[in-house]
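Hi,

Here is the structure I promised to pass on. Please open it and keep it beside this email while you read.

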Amino acid sequence: MEEVKSTAAALTDEDFAHVGKNLEKMESIARPSLTFWQEVWRRIRMNKVAYFSLLLLALYALLAIFAPMLSRYGFDDQDAYAMRQSFSAAHWLGTDSLGRDLWVRVWMGARVSLTIGLTAALINSVVGTVIGGFCGYYGGKLDMIIMRIIDIIYGIPSLIVCILVMIVLGSGVRSLIVAMVITGWAGSCRFTRGEVLRLKEQEFVLAARVMGEPVFSIIVRELIPNIMGLLITNLAMAIPGAIFQEAFLSYIGLGISPPQASWGVLAKEGTLMLKIAPHMLYVPAFFICTTVLALNQLGNGLRDAFDPRLRGTE
C-alpha cells in the first residue's frame, strides 16, 4: 500500500495529462464503427457554425414552400391604403410601393431564387463532372479541345455571356438557368479532370480495367464516388454564386419579370424607394446576405467533414 502511494506521489501533472489522452484515444477506439456518411454527418453536427447554417437554410426552404400557402395575402394582391408601410402586425415585413405584402413576396422570391440557384449549380456540377471525367480518363485530343474551350470561357466575363443569352432568350426562369449553365460547368469540369488524372493510375482503377469493366462504368462506379465528397462541397460553394448572379440579372432587369418576385426583383424595387421606405431594400438584402453566408459556411463545414486528413484528430 505504501509503495502504491509513493508511486502516485511521484507522478507529475504531465503524466496525468498523458494518461488522460490515452484514455480519450481508448474511448474513441471503443466507439461503435460508423459508415462514411454517418461520420460526415457527425462531423457536421460538431461544427456549430455549419450545423446552424444547415438549419437556417432548411428553415428558409420550409418557409419558401409553406409561407405563401398559409398567408391570407397573395403575392400580387394590392392595397392602396397600405402602401409603403413598415413592419406591423398586419404586415410582418411591411408592404411595397403598391401595397403588396412583403412577407409573402419575400418567400415567393425565395422559391424562385433558391430554385434557380440550386438547379443551375446542380446542372453545372453534373455536366462538368461527366465531361471532366472523360477528359481526365481519356486525355489526348479530347482533353486538349475541351481545355481550350474552357480557356475561352474563362477569358470572357461570365456576366457578359449571361446578359447576351438573356437578351436573346428573354426573361424567365428557364432563360436564367440556361444562361448560367452555358459558362458555369467549366469550373466543375476542370476540377473533376484534375481529380480523375490523380486517381486513374490507382490500383483499384487498374484492377477494374484488367477485369474488363467498361470505361463509362469505371468513371461512374469507381472514380466519381471517390471524389463525391469534394463534388458535394463544390456544389454547396457554387449555389451562392448562382443565387447572387440571379439577383444581379434580375436587378438590372434581365431576370424575372414583375409581378413575379425574386430577391433580385425585390432589391431593385427597394432601391427606387430607399429614401421613402428603406425596409423595401433592407428586407430582401438581409435574406440574400444570410442565405449566401449560410451556404458558404456550410460549404466550409462540408469541406472539413469530407477531408480525410482531419479524421482521427478529434
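**Around Trp263**

Start at Trp263. Leaving aside its neighbours within four places in sequence, Trp263 is in contact with Val106, Gly109, Ala110, Ser113, Pro284, Phe287, Ile288 and Thr291. Keep in mind that this is a predicted model.

**The cores**

Which residues have the most contacts inside the largest nonpolar core? They are Leu93, Val106, Trp107, Trp263 and Phe287. This core has 37 residues. The most comes from α13, with 11 residues.

As background, nonpolar side chains tend to be buried together in soluble globular proteins.

**The whole protein**

Now zoom out. How many helices and strands does the protein have? The count is 13 helices and zero strands. From the N terminus on, the elements therefore read as α-α-α-α-α-α-α-α-α-α-α-α-α.

The protein has 314 residues, and 41% of them are buried. Take the contacts between residues at least 6 apart in sequence: 69% of these join residues at least 24 apart. The exposed surface comes to about 17900 Å². Carbon and sulfur atoms supply 67% of that area.

Best wishes

Note on methods: Residues numbered from 1 in each chain as written. Predicted model: local features only at pLDDT ≥ 70, side-chain atom pairs only at ≥ 80, totals over all residues. Heavy atoms only, no water. Helix = DSSP H or I, 4+ residues; strand = E, 2+ residues; numbered from the N terminus. Buried < 20%, exposed > 50% of the residue type's maximum accessible area, 1.4 Å probe, protein only. Contact = heavy atoms within 4.5 Å. Areas by Shrake-Rupley, 256 points an atom, 1.4 Å probe, with all protein chains shown as cover. Core = buried A, V, L, I, M, F, W, Y, C linked by side-chain atoms within 4.5 Å.
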